[in-house]
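Please keep the sequence and the model in view while reading.

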Amino acid sequence: MGPAGGAARSGRFFGVYLLYCLNPRHRGRVYVGFTVNPARRVQQHNGGRKKGGAWRTSGRGPWEMVLIVHGFPSAVAALRFEWAWQHPQASRRLTHVGRRLRGEATFAFHLRVLAHMLRAPPWARLPLTLRWLRVDFRQDLCPPPPPHMPLAFGPPPPRAPALRSQAGPSDDTGCELELDVDARCTLCARVLQDEESPLCCPHPGCSLRAHVICLAEEFLQEEPGQLLPLEGACPGCKNSLLWGDLIWLCRMGTEEDEEDSELEEEHWTDMLET
C-alpha cells in the first residue's frame, strides 16, 4: 500500500493542470499549463502578465484550476506531457485521437485527449495521480485511467519538510537513512554506496535494500518487453509494492529547494509563450 493520499509528502511537485474560464465573455475557454505550486500558479493567471500569468489567460479571468495531473518524476517529464496535451495532433503518440468534433466543447475535448494520454506510453506507466480540484467539474474519463493511477479530490496534500539523515539512524519503514559501510544489495549482493540511493521496502520488519536497476529487473520478469515497472512483489516480505511509491520513498530527503522549481517553472513558461 502506498502513502496515504491525504498525507503530507516531501519531495518536489510537478503537475500539469487544466484551467477553466469563468468570465461570461470567455466562458468555456480552457488552458493547459505546468506548475510546481498550483495555488500560486492560479493566482498568477488571475493576476495577469504583470503577476507572472500567461499571455493567453491575461485579462480573461477569473480562471479556475479544475484538475491537475501530478506525480511526474521530473519537470521535463511534466513539460513533455503538457506539450502533448496542448498539441495532440502534433504528438506521434496521440495520432489515434481524432480532432475536436463539431459541437464538442473545448473542455470535453481536452478531457478526451487526457483520457487517451493516460493510456498511452510512456505516460501509462508513470505513477501519476488524477486530481479534481473542483469536484463539480468532474467527469468520468473514457477510457478510464490505468488501475495504478489513483483518482483524488481537493487540493494536493501539503509538502512536508524533507527528511535528513541527521534526524536519526532510521525511519519508521525500517530503511536506514545512512548506509553501513558494508551494506549490500539484497538481490545482487554488491556493496551499496551512499550516492546510489537504494530502494527500501516500506513494510515494517522487511530488510530489503536494493539497487534501483536490480529491483526493476526483478519486477519486470513478468513484463520482459517493458522498461519501467508498475508494481511487483517484494523479494523480502512478498508484499505488493507500487514502483512509484518506492521511488518517492527513495527520494525523500534528497530534494532540492522549492525555489529552484519555481524559477524553473517561470523560465519554461516564458520560453514556451514567447
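In this predicted model, strands β1 and β3 run antiparallel and are joined by 7 bridges. Strand β3 also pairs with β4, again in an antiparallel arrangement, through 4 bridges.

**Strands**

- Val69 of β3 stands opposite Val16, and in β4 the bridge partner of Val69 is Leu130.
- Of the 8 residues of β3, 7 are buried, so this strand is largely enclosed by the rest of the structure.

**Helix α3**

- Helix α3 covers residues 106–117, which makes 12 residues, and from its first C-alpha to its last it reaches 16 Å, close to the 16 Å expected at 1.5 Å a residue.
- The buried residues of this helix are Phe107, Phe109, His110, Leu111, Val113, Leu114, Ala115 and Met117.
- What covers these buried residues of α3 includes the strands β1 (15–21), β2 (30–35), β3 (63–70) and β4 (129–132), together with the helix α2 (75–86).

**Aromatic rings**

- A pair of aromatic rings is described by two values, namely the distance of the centres and the angle of the planes.
- Across the whole structure, a search finds 7 aromatic pairs.
- One of them is formed by Tyr17 and Tyr31, a tilted pair with 6.5 Å from centre to centre and 35 degrees between the planes.
- Because Tyr17 lies in strand β1 and Tyr31 in strand β2, this pair ties together parts that are 14 residues apart in sequence.
- Tyr17 counts as buried at 1% relative accessibility, and Tyr31 counts as buried at 5%, given that the cut-off for buried is under 20% relative accessible area.
- The rings of Phe72 and Phe81 form a further pair, which is tilted because their planes stand at 55 degrees, with the centres 5.1 Å apart.
- Phe72 counts as buried at 3% relative accessibility, while Phe81 is buried with a relative accessible area of 0%.
- Which residues make up one aromatic cluster? Phe72 and Phe81 belong to this cluster, and Trp85 and Trp123 complete the group.

**Points to carry forward**

- When looking at the model again, a reader may begin with β3, which is joined by bridges to β1 and to β4, and which is also among the elements that cover the buried residues of α3.
- Strand β1 can then be followed from its bridges with β3 to Tyr17, whose ring pairs with that of Tyr31 in β2.

Note on methods:
Residues are numbered from 1 along each chain as its sequence is written. This is a predicted model: local features need pLDDT of at least 70, side-chain atom pairs count only at pLDDT 80 or more; totals for chains, interfaces and linings use all residues. Side-chain values use heavy atoms; hydrogens and water are left out. Helices (H or I, at least four residues) and strands (E, at least two) are DSSP runs, numbered from the N terminus. The expected span of a helix is 1.5 Å times one less than its number of residues. Buried means under 20% relative accessible area, exposed over 50%, partly exposed in between (1.4 Å probe, protein chains only). Contact means heavy atoms within 4.5 Å. Rings of Phe, Tyr and Trp (its six-membered ring) pair if their centres lie within 6.5 Å; planes under 30 degrees apart count as stacked, over 60 as edge-to-face and the rest as tilted. Two strands pair if DSSP finds at least two bridges between them.
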